[in-house]
Structures are given as structure tokens and as C-alpha cells.
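Subject: A structure for you to look at

Hi,

Here is the structure I promised to pass on.

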Amino acid sequence: MENGSGCFGRKHTDRYMRHTAFLLIALLVSAQWTTSSARRWSIGTNLLDYADFLTVNAEAGMSVDRHWSVGMKARYNPFHFCRSSGDRIQNKTLTISAGARYWPFFTYSGFFYGAKIQWDRYNTGGILSPSTIEGDAWGAGLHFGYALMLGRHINIEFGLGLWTGWASYREYSSPVCGKRTGCGSGMFIAPDDIAINIIYIF
């Protein structure tokens, strides 16, 4: 069986999930009340995420001003893989984030700078060593990038960022039926939003 419960109660992480979902919905609902003749919608996906053990991802955004847009993003990876030796490797994740971007020139064109809030549930193991770590992380991040217009409705975006916050974790000796070797929590800072996005603009 796969590694599970560990030191932290799920009621705490579920509470953070509910709070995060509420903030995401509130952000988009509040954007609906912004009056702007330049409002446009977009959907997109990060091609680099698929190279990360086939992580499925999608992003939806909306311009609320000539220079501002808001958006939500989700990433999901339920997969595991087996080496020729039979050992399992995995980088499972469920990530939800919401944020805003500032566009100096015009929304969906040129450079952008963004900020977001994010929650992540992860289970990674067997990649560099047999050990596995799983847990939850929540926090905020900053990113920047450049959007290149390929056509009237298609953009390609290049992005890079960092996020920081608080993470709880549990360590196991292997991805499957591993002995628990530790657990804890603490602050973290990590690269994020490393992206080559394909965006469709309505």
C-alpha cells in the first residue's frame, strides 16, 4: 500500500483547503464587479509540467483593466512509474493557486509581473533515492515573464518565479509500504512557475 496518514491530522489540511478555495472564488467574484470594456478571458496550459511525470495542468484568466488580469491555476499528477528494477518513482501533486498580474504595456502582451496564493499536496519519492516525502504546503509567490503574441487568439508565455510559506511533511523509507523515518513542519522557499505556457485568448 502507499504511504499515508503520518503525524498530521487531515482535518487541519482540509481546513486550509476550504480557506484557499474560498479565497480563490472570492478573487474571481470580486473581479466580476470590476467595470472594464477591455475585459477578455483566457485559458492555457504549461507544456513544461507535462515533462514533470505527466503533470496535467490548466489555467484560466480574465483581464479586469488595461494593465491587470486575475487568474486561477490547477495542477494534478496521480501517476507513478516503475523502473526496470521494479522500484517505483512518483511526483504526485495536487496544486491550486490564484493571483493577479500587472502588464506594463497591455494585458496578454509583453512583460508581466505577478503575485499569488497557493496550496499544494505532494507525494514525491524514488527519484534520487528510495526515500519518499509527502505533505501539504501553503503560501504565496511572485513571478515574472513575457507573453509573445503568435496570433489574434494565441500567445506563448515564458515565466519564472519563487514561492514561500509553511509546509508539513512526513518521510518514509520507500514509496510503497515504507517505514516512517520522520515528520515535521517549517518554512520553505522554492522555485515555481517555471513555464512555457500556450494561452488561448477569447
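**The cavity**

Seven strands, namely β2, β3, β5, β6 (110–125), β7 (132–149), β8 (154–172) and β9 (180–201), each put at least two residues into the lining of the largest cavity. Before going on, a word on the ground rules: this is a predicted model, in which local features need pLDDT of at least 70 and side-chain atom pairs count only at pLDDT 80 or more, while totals for chains, interfaces and linings use all residues. Residues are numbered from 1 along each chain as its sequence is written, and side-chain values use heavy atoms, with hydrogens and water left out.

The strand and helix names come from DSSP runs (helices are H or I with at least four residues, strands are E with at least two), numbered from the N terminus.

Back to the cavity. A cavity is a set of points on a 1 Å grid over the protein atoms alone where a 1.4 Å probe fits but cannot get out, and lining residues have an atom within 4 Å of a point. Grid points are joined across faces, edges and corners, and the volume is the space filled by probe spheres set on the points. How many cavities of 30 Å³ or more are there? The count is 1. The largest cavity has a volume of about 320 Å³. It is lined by 29 residues, and those closest to its centre are Glu59, Gly71, Lys73, Arg101 and His143. By type, the lining has 14 nonpolar, 9 polar and 6 charged residues. Here nonpolar covers Ala, Val, Leu, Ile, Met, Phe, Trp, Tyr, Cys and Pro, charged covers Asp, Glu, Lys and Arg, and the others, Gly among them, are polar.

**The pocket**

A pocket, in contrast, is an open set of points with protein on both sides within 12 Å along at least five of seven lines. The largest pocket comes to about 550 Å³. Of its 24 lining residues, Arg75, Asp120, Trp163, Pro191 and Asp192 are the closest to its centre. Two or more lining residues come from each of β3, β5, β6, β7 and β9, and β9 gives the most, with 6 residues. This lining splits into 8 nonpolar, 7 polar and 9 charged.

**How some strands pair**

Strands pair when DSSP finds at least two bridges between them. Strand β2 (residues 56–63) runs antiparallel to β3 (residues 68–77), with 8 bridges, and a hairpin of 4 residues joins the two. If you want a spot to check, Ala58 stands opposite Ala74 in β3. On to the next partner: β3 also pairs with β5 (residues 88–102), again in the antiparallel sense, over 10 bridges. There, Arg75 has Thr95 in β5 as its bridge partner.

**Salt bridges**

I found 8 salt bridges in the structure (a side-chain nitrogen of Lys or Arg within 4 Å of a carboxyl oxygen of Asp or Glu). Arg75 turns up again here, with its closest N and O atoms 3.5 Å apart in a salt bridge to Asp52. These two are 23 residues apart, Arg75 being in β3 and Asp52 in the loop between α2 (47–50) and β2. Is Arg75 buried or exposed? Arg75 is buried at 18% relative accessibility, whereas Asp52 is partly exposed at 22% (buried is under 20% relative accessible area, exposed over 50%, partly exposed in between, with a 1.4 Å probe and protein chains only). Asp49 joins Asp52 and Arg75 in a network of salt bridges.

Lys116 and Asp192 also form a salt bridge, at 2.4 Å from N to O. Lys116 is in β6 and Asp192 in β9, 76 residues apart, and both are buried.

**Aromatic rings**

There are 7 aromatic pairs in the whole structure. Rings of Phe, Tyr and Trp (its six-membered ring) pair if their centres lie within 6.5 Å, and planes under 30 degrees apart count as stacked, over 60 as edge-to-face and the rest as tilted. Trp68 and Tyr102 make a tilted pair, 5.2 Å centre to centre with 55° between the planes. Trp68 is in β3 and Tyr102 in β5, 34 residues apart.
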